[in-house]
Amino acid sequence: MINHQKISDSKLFHKIKNGEICFGGNQKLKIYGTLKCSSGKRMKRENRVFFSSENEAKQNGFRPCGHCMKTEYQNWKNGLI
């Protein structure tokens, strides 16, 4: 998990371009989603964290976003995850 405040913008863009970062999350709400999610783009920088995989997000106690990851969210909501 990488906190947005602890990484420079150039390093962040480099990691995204190389596929090292695939998901973003809200540290306060414990929600993760895709990097293209409109909800995720609106969150405050101090709350934003990044993950290399879904498993990493789940291991840190985050749940899927209901906007950009509808199927995964429904599975989580129904207790299948």
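**Exercise 1. Which residues point which way from strand S4, and are they buried or exposed?**

Step 1. Know the terms. Strands (E, at least two residues) and helices (H or I, at least four) are DSSP runs, numbered from the N terminus. Buried means under 20% relative accessible area, exposed over 50%, and partly exposed in between, with a 1.4 Å probe and protein chains only.

Step 2. Sort the side chains. Arg48 and Phe50 point one way from S4. Val49 and Phe51 point the other way. All are buried.

Step 3. Recall the rule. In a regular strand, side chains alternate between the two faces of the sheet.

Step 4. Know the source. This is a predicted model, in which local features need pLDDT of at least 70 and side-chain atom pairs count only at pLDDT 80 or more, while totals for chains, interfaces and linings use all residues. Residues are numbered from 1 along each chain as its sequence is written, and side-chain values use heavy atoms, leaving out hydrogens and water.

**Exercise 2. Describe the hairpin of S2 and S3.**

Step 1. Locate the strands. S2 covers residues 23-26 and S3 covers residues 31-34. Their pairing is antiparallel, over four bridges.

Step 2. Name the partners. Phe23 is bridged to Thr34, and Asn26 to Ile31.

Step 3. Inspect the turn. Four residues lie between the strands. Lys30 in the turn has a positive phi of about 60°.

Step 4. Sort the S2 side chains. Phe23 and Gly25 point one way, Gly24 and Asn26 the other. All are buried.

**Exercise 3. Which residues make up the largest nonpolar core?**

Step 1. Define it. A nonpolar core is a set of buried Ala, Val, Leu, Ile, Met, Phe, Trp, Tyr and Cys residues joined through side-chain atoms within 4.5 Å.

Step 2. List the seven members. They are Phe23, Tyr32, Val49, Phe51, Ala57, Phe62 and Met69.

Step 3. Follow Val49. Beyond its neighbours within four places in sequence, its contacts (heavy atoms within 4.5 Å) include Met1, Ile2, Phe23 and Phe62.

**Exercise 4. Which elements supply at least two residues each to the lining of the largest pocket?**

Step 1. List them. They are helix H1 (9-17), S2, S3, helix H2 (38-41) and strand S4 (48-51).

Step 2. Find the main supplier. S3 gives the most, with four residues.

**Exercise 5. Is Lys17 buried or exposed, and why?**

Step 1. Lys17 lies in helix H1.

Step 2. Check accessibility. Lys17 counts as exposed because its relative accessibility is 74%.

Step 3. Check a distance. The C-alpha atoms of Lys17 and Ser53 are separated by 15 Å. Along the chain, these residues are 36 residues apart.

Terms used. Pairing = 2+ DSSP bridges.
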